[in-house]
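Here are my notes for your first read of this model. Keep the viewer open and check each point as you go.

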Amino acid sequence: MTFEGKVALVAGASRGIGAETARAFARAGAAVVLGARDEKALGAVAGEIRAEGGRAVAVRTDVGDAASSEALVRRALEEFGRLDAAFNNATDGPLPAPLAEIDPEEFDRGIRTNVRGTFLGMRFQIPAMLRTGGGAIVNMASVAGVQATAGLAAYVAGKAGIIGLTKVAALDYADRGVRVNVVAPGPILTHHLEAAGEEARRLAGLATPMRRTGRPHEVADAVLWLCSEGSSFVTGAVIPIDGGQYAGNKPPRMYRQGHSMEPGAA
Ligand SMILES: NC(=O)c1ccc[n+]([C@@H]2O[C@H](COP(=O)([O-])OP(=O)(O)OC[C@H]3O[C@@H](n4cnc5c(N)ncnc54)[C@H](OP(=O)(O)O)[C@@H]3O)[C@@H](O)[C@H]2O)c1
């Protein structure tokens with residue numbers, strides 16, 4: 001996959017999967033425009049890309065703010081003249097808690113970043129892509145946006161909303177050269193799981209049929225494919241990147257009728 005001569009935008013690029021995807025786009029030849037709120041972290045990622053010979057600009061962005069989201073796209077056009085690919089990856093919201101214990105303001109923060117942020121991203125990216133004949137957008141959902149996860153009301157609603165928005169945008173622009181898809185990862189080893197410690201990582205891995213967590217580059221690889229010519233007839237798709245989690249259950253051990261699983265049983 002080559003993105004030579006192409007311009008890619010990543011919203012939510014200051015760390016984790018977003019930063020890894022920005023690096024992957026740059027390694028594949030794209031000029032990249034990075035957005036997030038933490039200017040220092042964002043600048044470090046852009047600096048790293050430039051140090052490796054890539055082209056990158058960092059733009060402080062709040063994806064939930066229309067003017068800020070528009071400015072990110074404008075910067076891509078001013079700096080590099082076009083926009084070919086965009087990855088709307090930002091998320092924010094409340095810590096896990098049973099639904100009735102979630103602060104309504106915190107719920108709104110989750111919906112603002114995920115749903116409004118993804119809407120605004122596409123709202124400004126699509127016209128920019130149409131100027132040069134089209135492009136490809138990938139939105140970030142989660143396996144939790146496809147199947148619910150306990151304790152994550154705002155996150156699940158937000159990610160399910162992103163999947164719905166993706167399908168509408170894909171249909172609206174299917175015959176105008178803009179493809180829109182959404183990825184739905186399972187547990188990926190980023191700073192969240194790293195900070196939660198060894199036991200959290202073990203349990204997260206155990207929850208997938210592959211019995212391991214995913215790596216950020218495994219998500220980045222799928223995002224790049226979805227933005228490349230290799231997926232030219234793919235739009236409106238929800239792509240699980242989850243070690244088989246969405247396919248169904250794979251318990252750590254299965255019982256067999258007539259066979260005890262008690263310790264010491266034959
Ligand atoms: N890690 C996993 O296991 C996993 C699994 C499924 C899906 N995902 C999804 O993958 C994405 C990335 O997650 P991650 O684990 O790599 O780390 P993360 O820290 O959750 O990534 C979120 C990114 O969004 C940015 N962001 C948050 N609010 C923003 C706002 N209002 N405006 C602009 N940027 C904003 C953050 O940077 P700033 O704080 O600098 O703004 C950060 O770069 C998320 O959408 C997450 O839901 C992750």
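**Notes on the model**

1. Start with W225. This residue is partly exposed, because 17 other C-beta atoms lie within 10 Å; a buried residue would need 20 or more, and an exposed one 12 or fewer. W225 lies in helix α8. Setting aside neighbours within four places in sequence, W225 is in contact with M1, G230 and S231. Look also at T2. W225 and T2 are 223 residues apart in sequence, yet their C-alpha atoms are 10.0 Å apart in space. Bear in mind that this is a predicted model.

2. At what angle do the axes of α1 and α8 cross? They cross at roughly 55°, and the axes come within 8 Å. That angle makes α1 oblique to α8, so do not call the pair parallel. The crossing of α1 and α8 is right-handed. On the α1 side, the contact is made by G16, I17, E20, T21, A24 and F25. On the α8 side, P216, H217, V219, A220, V223 and L224 take part. By class, this contact of α1 with α8 has 8 nonpolar, 3 polar and 1 charged residues.

3. Now the ligand. How many residues surround the ligand? There are 29, and the closest are G12, G16, R37, D38 and T91. Note G16: this residue is also on the α1 side of the contact with α8. Two elements, α1 (16–27) and β2 (31–36), each supply at least two residues of the shell around the ligand. Of these elements, α1 gives the most to the shell, with 3 residues. By class, the shell around the ligand holds 11 nonpolar, 13 polar and 5 charged residues.

4. Helix α3 covers residues 66–80, and helix α4 covers residues 104–130. The axes of α3 and α4 come within 9 Å and cross at roughly 30°. The two helices are therefore roughly parallel to each other, because angles under 35 degrees count that way. The crossing of α3 and α4 is right-handed. From α3, the residues A66, S69, E70, V73, A76 and L77 meet L120, G121, F124, Q125 and A128 in α4. The residues of this contact of α3 with α4 divide into 7 nonpolar, 3 polar and 1 charged. In general, two packed helices are described by the angle and the distance between their axes.

5. Stay in α4 and find G110. Is G110 buried or exposed? G110 counts as buried, because 22 C-beta neighbours lie inside 10 Å. Leaving aside neighbours within four places in sequence, G110 is in contact with D92, G93, P94, A154, Y155 and G158. Take A154 from that list. G110 and A154 are 44 residues apart in sequence, but 5.6 Å apart in space, C-alpha to C-alpha.

6. Last, check R211. This residue is found in the loop between α7 (198–206) and α8. R211 is not a glycine, although its phi is positive, at about 60°. With 13 C-beta neighbours inside 10 Å, R211 counts as partly exposed. Look at its backbone in the viewer before you move on.

Conventions:
Residues numbered from 1 in each chain as written. Predicted model: local features only at pLDDT ≥ 70, side-chain atom pairs only at ≥ 80, totals over all residues. Near = placed C-beta within 6 Å. Helix = DSSP H or I, 4+ residues; strand = E, 2+ residues; numbered from the N terminus. Nonpolar A, V, L, I, M, F, W, Y, C, P; charged D, E, K, R; others polar. Axes fitted to C-alpha atoms, helices over the stretch in contact; angles between N-to-C directions. Parallel < 35°, antiparallel > 145°, perpendicular 65-115°, else oblique. Left-handed = near helix turned anticlockwise from the far one by under 90°. Contact = placed C-beta atoms within 7 Å.
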